[in-house]
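Thanks for making the time this morning.

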Amino acid sequence: MIGITKLLCGSEHFGDSLRYTHGAKDAQWGVSRELGPVVVWNCTNTCNLKCKHCYADSKPEQFKEELDTEEAKALIDDLASLKVPVLLISGGEPLLRKDLFELLEYTREKNIRTTVSTNGTLIDKETAKHLKQRGVSYVGISLDGLGVNNDIFRGVQGSFDKAADGIRNCLDIGQKVGLRFTINRSNYDQLEDIFYFIKEEGIPRVCFYHLAYSGRGSKMIEEDITPEEKRLAMDLIMKKALKLRDKVEILTVDNHADAAYLYLQVKKNHPELAHKVSKLLTMNGGNRSGMAFANIDYKGSVHPDQFTQHHHFGNVRERKFSEIWHSPENALAMSLRDRKKLLRGRCSQCKWLDICNGNLRVRAEAVTGDFWASDPACYLTDEEIRR
């Protein structure tokens with residue numbers, strides 16, 4: 001994640017303390033030398049929607065392989081021992097898991113900060129209260145357009161209205177909530193409208209995701225926007241961040257070319273901020289999948305991130321996550337922790353490696369078949385990346 005508001009406006013939010021701290025980029029096993037990685041746990045693969053870009057290929061059916069309640073609690077115990085700072089619970093649709101509130105309560109008892117990533121359609125007033133009562137720090141609700149545009153993309157009529165109600169139900173009781181929006185061909189022209197929606201609804205946070213070519217998203221490569229459109233989208237996002245400042249926290253996710261582009265634009269248009277922005281971006285170090293970030297799927301398998309679920313580090317049913325995470329036997333994990341020398345193509349020649357770290361590997365693999373090839377979603381020009 002790239003904290004656009006943090007970088008341009010200097011505001012402070014919890015995640016910034018993990019992203020922009022001294023020594024973060026050099027930590028090989030967590031967000032810092034003292035803390036473990038941020039963990040995304042796909043607690044279920046069952047979902048009530050049929051989103052076109054779903055990286056988990058979730059379906060409206062039950063999956064017997066899910067970790068049961070006791071296995072999940074054992075996992076949480078282990079994450080606590082590793083000092084994992086945040087457990088992001090995702091799916092599928094996590095609210096379809098019957099023991100979710102019990103597990104949220106257990107995670108709070110273990111002093112792990114929880115966030116919930118949901119499509120929002122199941123958050124009625126009572127559910128919102130249950131989430132807040134169990135100490136959920138943040139609820140991220142996914143919308144990929146307004147009205148029917150969202151419904152078409154997410155495969156179920158009426159999903160926009162239900163998700164919007166879910167956002168309002170959280171806001172009504174003071175449960176922190178935000179919007180998750182994946183930019184693609186079908187909704188690129190609604191970016192301005194999304195900001196209007198955020199303002200009208202009083203939503204305090206929005207994360208703009210770049211399309212990851214993973215799961216069903218691997219069939220959407222042609223639905224990604226062009227390099228020029230990515231630049232224009234970033235221009236709009238930065239403009240809005242400067243206008244909204246501390247009213248809305250704005251972040252971009254899954255394309256660290258955003259970091260270099262933001263710096264270049266700051267250097268040109270706001271040179272007084274350039275040194276501070278450069279320092280923070282260097283502190284962060286770019287993509288840190290398999291380093292400061294990990295994924296555990298619904299079956300208990302461990303991966304570098306949620307988009308690389310075809311690459312396995314091990315399974316928590318066979319070995320504790322903490323042991324898997326620190327094992328020197330996993331070749332891919334060790335490679336990700338020292339990846340710069342393995343990158344090929346434009347990435348290997350790029351002068352922004354210290355703030356990008358090779359971007360999103362799954363996109364390179366999806367397009368070329370080579371995990372270490374250049375990320376095809378990088379929109380910087382050859383001149384901009386030349387050393």
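The second largest cavity has a volume of about 50 Å³, and please keep in mind throughout that we are looking at a predicted model. Around this second largest cavity we find Asn287, Ser289, Pro304, Asp305, Thr308, Leu336, Arg339, Arg361, Val362 and Phe371, a lining that divides into four nonpolar, three polar and three charged residues.

How many cavities of 30 Å³ or more does the count give? The count comes to two, and the largest cavity holds about 120 Å³ of space. Its lining is made up of 15 residues, and those closest to the centre are Cys347, Cys350, Cys356, Cys378 and Ile385. Helix 10 (257-269), helix 14 (346-349) and helix 15 (353-356) each contribute at least two residues to the lining of the largest cavity, and by class that lining has 10 nonpolar, three polar and two charged residues.

In the lining of the second largest pocket, seven residues are nonpolar, one is polar and five are charged.

Now to the packing, with one piece of background. In soluble globular proteins, nonpolar side chains tend to be buried together. Here, the largest nonpolar core has 95 residues, and those touching the most other members are Ile4, Trp41, Phe208, Ile250, Leu262 and Phe321. If we leave aside residues up to four places away in sequence, Phe321 touches Pro37, Val39, Leu75, Asp78, Leu79, Leu82, Ala294, Ile296, Val302 and Val316. There is also a second, separate core of 10 residues, which includes Cys47, Cys51, Tyr55 and Ala212.

Why can we call strand 8, residues 249-253, largely enclosed by the rest of the structure? We can say so because five of its five residues are buried. Glu249, Leu251 and Val253 point one way from strand 8, whereas Ile250 and Thr252 point the other way, and all are buried. Strand 7 (residues 205-210) pairs with strand 8 in the parallel sense over five bridges, and within strand 8 it is Thr252 that stands opposite Phe208. Strand 1 (residues 2-3) pairs with strand 8 in the antiparallel sense, over two bridges, and Gly3 has Leu251 of strand 8 as its bridge partner.

Is Leu103 buried or exposed? Leu103 counts as buried because its relative accessibility is 1%, and the cut-off for that class is under 20%. Again not counting residues up to four places away in sequence, Leu103 touches Trp41, Thr69, Ala72, Lys73, Ile76 and Arg97. Leu103 and Glu70 are 33 residues apart in sequence, with a C-alpha to C-alpha separation of 9.6 Å in space.

I will stop there and take questions.

Definitions and conventions. Residues are numbered from 1 along each chain as its sequence is written. This is a predicted model: local features need pLDDT of at least 70, side-chain atom pairs count only at pLDDT 80 or more; totals for chains, interfaces and linings use all residues. Side-chain values use heavy atoms; hydrogens and water are left out. Ala, Val, Leu, Ile, Met, Phe, Trp, Tyr, Cys and Pro count as nonpolar, Asp, Glu, Lys and Arg as charged, and the others, Gly among them, as polar. A nonpolar core is a set of buried Ala, Val, Leu, Ile, Met, Phe, Trp, Tyr and Cys residues joined through side-chain atoms within 4.5 Å. Buried means under 20% relative accessible area, exposed over 50%, partly exposed in between (1.4 Å probe, protein chains only). Contact means heavy atoms within 4.5 Å. Helices (H or I, at least four residues) and strands (E, at least two) are DSSP runs, numbered from the N terminus. Two strands pair if DSSP finds at least two bridges between them. On a 1 Å grid over the protein atoms alone, a cavity is a set of points where a 1.4 Å probe fits but cannot get out, and a pocket is an open set with protein on both sides within 12 Å along at least five of seven lines; lining residues have an atom within 4 Å of a point. Grid points are joined across faces, edges and corners, and a volume is the space filled by probe spheres set on the points.
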